[in-house]
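Thank you for making time this morning.

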Number of protein chains: 2
Amino acid sequence: MTPVKIGLLGLGTVGGGTVNVLRRNAEEICRRAGREIIVSKASARDLSRARICDTSGIELVQDPFDIVNDPEIQIVVELIGGDGIARELVLQALENGKHVVTANKALIALHGNSIFAKASEKGVMVAFEPAVAGGIPIIKAVREGLAGNRIEWLAGIINGTCNYILTEMLDKRRDFHDVLQEAQTLGYAESDPTFDVEGIDAAHKLTILASIAFGIPLQFDKVYIEGIARITRIDVAYAEELGYRIKLLGIARRTKEGVELRVHPTLIPHRRLIANVDGVMNAVVVKGDAAGPTLYYGAGAGAEPTASSVVADLVDVVRTLTGDPENRVPHLAFQPGAISAIPILPIDAVHTAYYLRLSAEDRPGVLADVTRILAGHNISIEAIIQKEALTEETFVPVILLTQQVLERELNAAIREIEALDCINRPVKRIRVETLG
Amino acid sequence: MTPVKIGLLGLGTVGGGTVNVLRRNAEEICRRAGREIIVSKASARDLSRARICDTSGIELVQDPFDIVNDPEIQIVVELIGGDGIARELVLQALENGKHVVTANKALIALHGNSIFAKASEKGVMVAFEPAVAGGIPIIKAVREGLAGNRIEWLAGIINGTCNYILTEMLDKRRDFHDVLQEAQTLGYAESDPTFDVEGIDAAHKLTILASIAFGIPLQFDKVYIEGIARITRIDVAYAEELGYRIKLLGIARRTKEGVELRVHPTLIPHRRLIANVDGVMNAVVVKGDAAGPTLYYGAGAGAEPTASSVVADLVDVVRTLTGDPENRVPHLAFQPGAISAIPILPIDAVHTAYYLRLSAEDRPGVLADVTRILAGHNISIEAIIQKEALTEETFVPVILLTQQVLERELNAAIREIEALDCINRPVKRIRVETLG
């Protein structure tokens, strides 16, 4: 199959991330899509600054219309942002019969209805997974994964800046303005933070989610929007005392009377999973009548998480470019001819950490024996708890947490430990994963 | 468009759930898929027991081969389970050129390679979203949503029975066998719990997830499997003391040497989101090189959650039955002609609970005034905290949590409260959502 040529409008953070991901994972992406995806052109206002990625083989242009009017380009990726020139470019690309992938939530929330109408007229696709919640495939989950459900409501932490600020306010007992300033220094907040902290960015994303959840037009102007600037650390503390966390939520709920669309600070019981989504992370809970509540969590912004969604959309579009059954989603994700023969490892070739519970005699020198054996196998100890003896017990539990070690090595150490006179039972062993 | 006729093999819990969801949400599903989906035939071993759903209009048959050999049926939904007769039926359906949707994890894990080969040969699809993690669209997320990533590892709580048992062991300080017996009584565990508690069910699902994550063949026989039967409440308590929770995880990790595939009890730091997935719920963390970690959470079993995934797969297959652009996933999830005009509600028409912070004079009678006003608007109070006065302060914070109320009603009450002499500042109001 001939490669698919794409053009990037904008070569900033996400554009650079997209080029990097397409290059780094070219082989796997081709195995999934069934065709090679090649960035043939990219536009940047200031070409000298386009050094965020390896641009070799990519024709760099200053005028983005060079890309949307290039007959060789089949898919245009719009990463300029805003609803000015980006809108013109997208409409021109569609007019020219090109498919579009966009990360532009403002564009979709404000002008999606007319953009999709134009796309339908031209028989092309506009894909926008990267526009909502960065690397979380939430558009796909709601639009396809939950297609059997009548969706009742959804609620999401869909602005990382606000979530970072609220998390810091709770963890460090700091005030809003204090944390905001720091977030700006760290690059988590824009120098003009209005879009984020006033809830507008979240409202753009909520508009899109509500539309695909309920089958309603995009109606940004109807969203109730309240930001987090008035939240004080005192409220955060009182909420905690009452068993709640304060989060900026975008909420869309279907009622008998109509649809609620609202973005505002919200107390959530702290035992809910979503109440524990901290820092810049995003999460969306979707309540379907059949599936019940499902939750989707991940990075809501950043070069590579957003690029991850750009590429997923590219793969989806590429699959539709031919009508062959081979271009359906492959059963095992990768094309049948591209399945890998990489071996599956036996369990003793696995590296992991361990919890060990020993039953040891309650006398001096026992710990020394055990730790000497572990040291002999190069096994580092993370923590030891020695429990007190119950009355008349001469053997006591000793709990050890090890650092990462090859299981084969640990097995050898356990055999030696179990052979000690001061150990009266088999060592209990449970693996530990930090999932970090 | 003519309706699509499907046949159900098996009319037990999930079969009944599928019929119910297809009927209840028929209108929305048709708006999404662009075609009506009709259950024309269903098979059940004991037809007299097929009363779990409204079977009107469905031809009930005893011999499932009547369905896979019926030329009118385009999609066969296999809900029999196991790898005996189910395998024969699926292969026969494929041989006859029918698409297949299956909830059968054992079948896919053990015989998927040959089943997919047969499907490719015949140019039809085998969809298996319901086979892993019930209502969570995890197959779609990994296979399509993360298509741009080199997936590094994934780790999942993919057996609800084990997670329920481990949660109870922690919360109630009970022993494994004790909780297992109760789970059997409650219907959370089978009378023969081996498949669940010994980790075999989780290993089936892990086999499938690993295959679509890494592009490797299904290799169930290579999975290391260790169940939870040897976990004691003592280990659960020690783990907690060390800051960890014990979960049965299915882990697939790519290393330089090969792929780790293992199911075993695992200590996880309790601050990780997945460590807080409790009861019968499922969750999977997927670490992609671009997206970073993303997490997917929801019900892992049950009639309707599983039916949710069956229907999502049906909609996917139906969309491929024609090659028209109209049968792509619609931009806004629903077909362009089927967008709903349901109104968006103004914020004062919203029902929610509230956190209120008042600045009130520190004297008797103030709380009585405030609660009288709230009662006058039919607003119930969930909790009140009255803070002590700091030295020389005559006004103190009073925190109120209300129950659900119409926002318009609350606004009226707040106006009256703010008019009280004993209140010296505007009432601070934050909405509360239990997301229950």
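Predicted model: local features only at pLDDT ≥ 70, side-chain atom pairs only at ≥ 80, totals over all residues.

**A walk through the two chains**

Residues are numbered from 1 along each chain as its sequence is written, chains are lettered from A and ligands numbered from 1 in the order in which they are written, and side-chain values use heavy atoms, with hydrogens and water left out.

Staying with helix H2 of chain B, residues 26-33, its buried residues are B:Glu28, B:Ile29, B:Arg31, B:Arg32 and B:Ala33, where buried means under 20% relative accessible area, exposed over 50%, and partly exposed in between, with a 1.4 Å probe and protein chains only.

Turning to chain A as a whole, its secondary structure comes to 14 helices and 18 strands, and its C-alpha atoms fill a box of roughly 85 × 55 × 50 Å along the principal axes. Of its 436 residues, 62% count as buried. A contact means heavy atoms within 4.5 Å, and among the contacts in chain A between residues at least 6 apart in sequence, 70% join residues at least 24 apart.

How does chain B relate to chain A? Chain B can be laid on chain A with an RMSD of 0.0 Å by a turn of 180° and a shift of 0.0 Å along the axis, the superposition being by least squares on the C-alpha atoms of residues with pLDDT of at least 70 in both. The two copies are thus related as by a two-fold rotation axis. In chain B, the C-alpha nearest that axis belongs to B:Tyr296, 2.4 Å from it, and the same surface serves both copies, since 100% of the contact residues of chain B recur in chain A.

Next, please find strand S18 of chain A, residues 428-432, where 5 of the 5 residues are buried, so the strand is largely enclosed by the rest of the structure. In a regular strand the side chains alternate between the two faces of the sheet. In S18(A), A:Lys428, A:Ile430 and A:Val432 point one way and A:Arg429 and A:Arg431 the other way.

Which strands pair with S18(A)? Strand S14 of chain A, residues 351-361, pairs with S18(A) in the antiparallel sense over 5 bridges, and A:Leu356 has A:Arg429 as its bridge partner in S18(A). Pairing requires that DSSP find at least two bridges between two strands. From the other chain, strand S10 of chain B, residues 259-269, runs parallel to S18(A) and is joined to it by 2 bridges, with B:Thr266 as the bridge partner of A:Arg431.

My last stop is A:Thr306, which has its place in helix H12 of chain A, residues 303-320. At 7% relative accessibility, A:Thr306 counts as buried. Leaving aside residues up to four places away in sequence, A:Thr306 touches A:Val14, A:Ala103, A:Pro130, A:Gly134, A:Gly135 and A:Ala301.

Methods. Helix = DSSP H or I, 4+ residues; strand = E, 2+ residues; numbered from the N terminus.
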